[in-house]
Amino acid sequence: MTMTPAELEAQKDTLEFLNNEAASRLTRQSDSLAKIDTKAVFLIGFAATAAQFLATHKHHDVLAYIAFAAYAVTLLAGVQTIRVAEHKDLEPRPMLVAYAGLPKSQVLAELAASRATVFEKNNRRHELKARYWAVSLWSLVVGLGLSTVALLLHT
């Protein structure tokens, strides 16, 4: 984004609006990542409990073993969902060093562009977490269905 200082100054209100929007989107993205983590922990706990329940009751062996495999997939995908990974954000010190002497309009332009870049990097991570969570959810559903059938067939 190359603009003359006069063009930047003329667009200061627009740049401020765009910068605020980028900041709020980063906040919403961070909240969404936290919610996915919470849901993944719930699925992991539910799968562990269901596997323990199945292990302590008489069951149809083949179906139970397939259900255990589905629970294992739930656990592995859930752990992949919540694993610690770097969350990109703006670094304050380099930002201060780079932008301290610049006019507000130019800082707003640079800041909005930096936030857009950070959002794009975090978005890839967000999509991956959502995919792992979906795998965890569907493998849990399969495991629960197989567990139910394995328990019913034995009785």
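**Helices side by side: a short tour**

Guide: Helices H2 and H5 are roughly parallel to each other. Keep in mind that the model we're looking at is predicted.

Visitor: At what angle do H2 and H5 pack, and how far apart are their axes?

Guide: Two packed helices are described by the angle between their axes and the distance between the axes. Angles under 35 degrees count as roughly parallel, and that is the label H2 and H5 get. The values for this pair are an angle of about 20 degrees and axes 8 Å apart.

Visitor: Is the crossing of H2 and H5 left-handed or right-handed?

Guide: Here we look at which way one helix is turned relative to the other. A crossing counts as left-handed if the near helix is turned anticlockwise from the far one by less than a right angle, and as right-handed if clockwise. For H2 and H5, the crossing is left-handed.

Visitor: Now helix H3: are H2 and H3 roughly parallel or roughly antiparallel?

Guide: H2 covers residues 12-55 and H3 covers residues 61-82, and their axes sit 9 Å apart. They pack at an angle of about 155 degrees, and an angle over 145 counts as roughly antiparallel. So H2 and H3 are roughly antiparallel.

Visitor: How do the residues of the contact of H2 with H3 divide by class?

Guide: The crossing of H2 and H3 is left-handed. On the H2 side the contact includes Ile36, Asp37 and Ala40, while H3 brings, among others, Ala64, Phe68 and Tyr71. Sorted by class, the residues of this contact are 18 nonpolar, 3 polar and 1 charged.

Visitor: And H3 with H5: are they roughly parallel or roughly antiparallel?

Guide: H3 and H5 have their axes 7 Å apart and pack at an angle of about 160 degrees. Roughly antiparallel needs an angle over 145, so H3 is, relative to H5, roughly antiparallel.

Visitor: How many nonpolar, polar and charged residues are in the contact of H3 with H5?

Guide: H3 passes H5 in a left-handed crossing. The residues of their contact come out as 19 nonpolar, 8 polar and 1 charged.

Visitor: Let's zoom in on Arg115: buried or exposed?

Guide: Arg115 lies in helix H5, which spans residues 104-154. Leaving aside neighbours within four places in sequence, Arg115 is in contact with Asn19, Ala22, Ala23, Leu26 and Leu90. Its relative accessibility is 18%, and buried means under 20%. So Arg115 counts as buried.

Visitor: How far apart are the C-alpha atoms of Thr117 and Lys88?

Guide: Thr117 lies in helix H5 too, and with a relative accessible area of 38% it is partly exposed. Along the chain, Thr117 and Lys88 are 29 residues apart.

Visitor: Are the rings of Phe42 and Phe46 stacked, edge-to-face or tilted?

Guide: A search of the whole structure turns up 1 aromatic pair, with the ring centres of Phe42 and Phe46 6.1 Å apart. Both residues lie in helix H2, about one turn of the helix apart. Planes under 30 degrees apart count as stacked and over 60 as edge-to-face.

How values were computed. Residues are numbered from 1 along each chain as its sequence is written. This is a predicted model: local features need pLDDT of at least 70, side-chain atom pairs count only at pLDDT 80 or more; totals for chains, interfaces and linings use all residues. Side-chain values use heavy atoms; hydrogens and water are left out. Axes are lines fitted to C-alpha atoms, for helices over the stretch in contact, and angles run from 0 to 180 degrees between N-to-C directions. Helices (H or I, at least four residues) and strands (E, at least two) are DSSP runs, numbered from the N terminus. Angles under 35 degrees count as roughly parallel, over 145 as roughly antiparallel, 65 to 115 as roughly perpendicular and the rest as oblique. Contact means heavy atoms within 4.5 Å. Ala, Val, Leu, Ile, Met, Phe, Trp, Tyr, Cys and Pro count as nonpolar, Asp, Glu, Lys and Arg as charged, and the others, Gly among them, as polar. Buried means under 20% relative accessible area, exposed over 50%, partly exposed in between (1.4 Å probe, protein chains only). Rings of Phe, Tyr and Trp (its six-membered ring) pair if their centres lie within 6.5 Å; planes under 30 degrees apart count as stacked, over 60 as edge-to-face and the rest as tilted.
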